[in-house]
Amino acid sequence: MPSLRGSNRRFGPHFCHPALPMFSTKAYLGRSRVFAVACFLIGFTPALNAQLAVKGELLLDENFQQHANYTKQPVVLKPGWQALAGHADWERTPEGVRSVFKQGHMPVLKIEGEFGDAVIEIDFRYTAEAGRWGGCRVSPTNPKLHPRAYAASVWANQDNDARARGLVLEHDAWKPGFITQVDRKPTTFAPDTWYTLRMELVGNTVLASCNGVEVSGTYETFGLPKTSLSLGVGTCPHELRNLRIYAATLNPAWPKPASPKTNPSAQPLKSPL
């Protein structure tokens, strides 16, 4: 059955189809099921926002159940892919893998393997603790081609003061480099709740989504061939599960920007990490 998401925005306070009577917005809310059935019968599909990428081959499907823990010593996930602890300790849980933070750098679980244009999906949740922060960061890169920096990063940031709150797309060059915020949308992430953070990369364009919010933009390093994926989390306890990396191609329905460029309001900031 076709989705009705966005119907009011398209048709305004009153909308109709030639085969249907006119509804007010108030009436629509009470008759949405009838309208959906009617749409299905007459073959009418409301327009939806296009996604940047079309999924192809599933390159990595990892639920973190193969190994009891992850240390600085790499462990094999599948041929061509391995995982290791970048920062802090990581241990298996019944649903995935959990960070064990003591002090210092935020926990990072590093996945190594080769990919290019891709769709990356990861589920995360956190348990709130006083004096510690919650959030998840997905950062693909290529250390040889782009040393001491992430090619692209997206944050689902609940309360890390080093970044804007919400969903944030950026380029992060490590100290003494700078952070360039490309796009940001406000949202919040409740504790003890699973969220899926999705990052689509095609060429130098990224579209990321989480909790019903999207950010997107272009930057000159986003399209680098990738050999590494850093999954970062906040300093309170976090769990990760259902990591999926798909090869991807450009969705033909994705609208081309008039002039591809980084968000002109982006401001470089000193990297704190």
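**Entry 1: basis.** I note that this is a predicted model, in which local features need pLDDT of at least 70 and side-chain atom pairs count only at pLDDT 80 or more, while totals for chains, interfaces and linings use all residues. Residues are numbered from 1 along each chain as its sequence is written, and side-chain values use heavy atoms, with hydrogens and water left out.

**Entry 2: partners of S19.** I took strands as DSSP runs of E of at least two residues, numbered from the N terminus, and counted two strands as paired if DSSP finds at least two bridges between them. S19 covers residues 238-250 and runs antiparallel to S3 (residues 53-62), with seven bridges. S10 (residues 118-126) is also antiparallel to S19, through eight bridges; here Val 119 faces Tyr 246 as its opposite residue. S8 (residues 97-100) joins S19 by two bridges, again antiparallel, and Arg 98 stands opposite Glu 239.

**Entry 3: cores.** I used nonpolar core for a set of buried Ala, Val, Leu, Ile, Met, Phe, Trp, Tyr and Cys residues joined through side-chain atoms within 4.5 Å, buried being under 20% relative accessible area with a 1.4 Å probe, protein chains only. The largest core has 46 residues, and Leu 243 is among those that touch the most other members, as are Leu 240 and Ile 245. S10 gives the most to this core, with five residues. A second, separate core of eight residues includes Val 119 and Tyr 246.

**Entry 4: Leu 243.** With contact meaning heavy atoms within 4.5 Å, and residues up to four places away in sequence not counted, I found that Leu 243 touches Glu 62, Phe 64, Ile 111 and Ile 120, among others.

Technical notes:
Helices (H or I, at least four residues) and strands (E, at least two) are DSSP runs, numbered from the N terminus. Buried means under 20% relative accessible area, exposed over 50%, partly exposed in between (1.4 Å probe, protein chains only).
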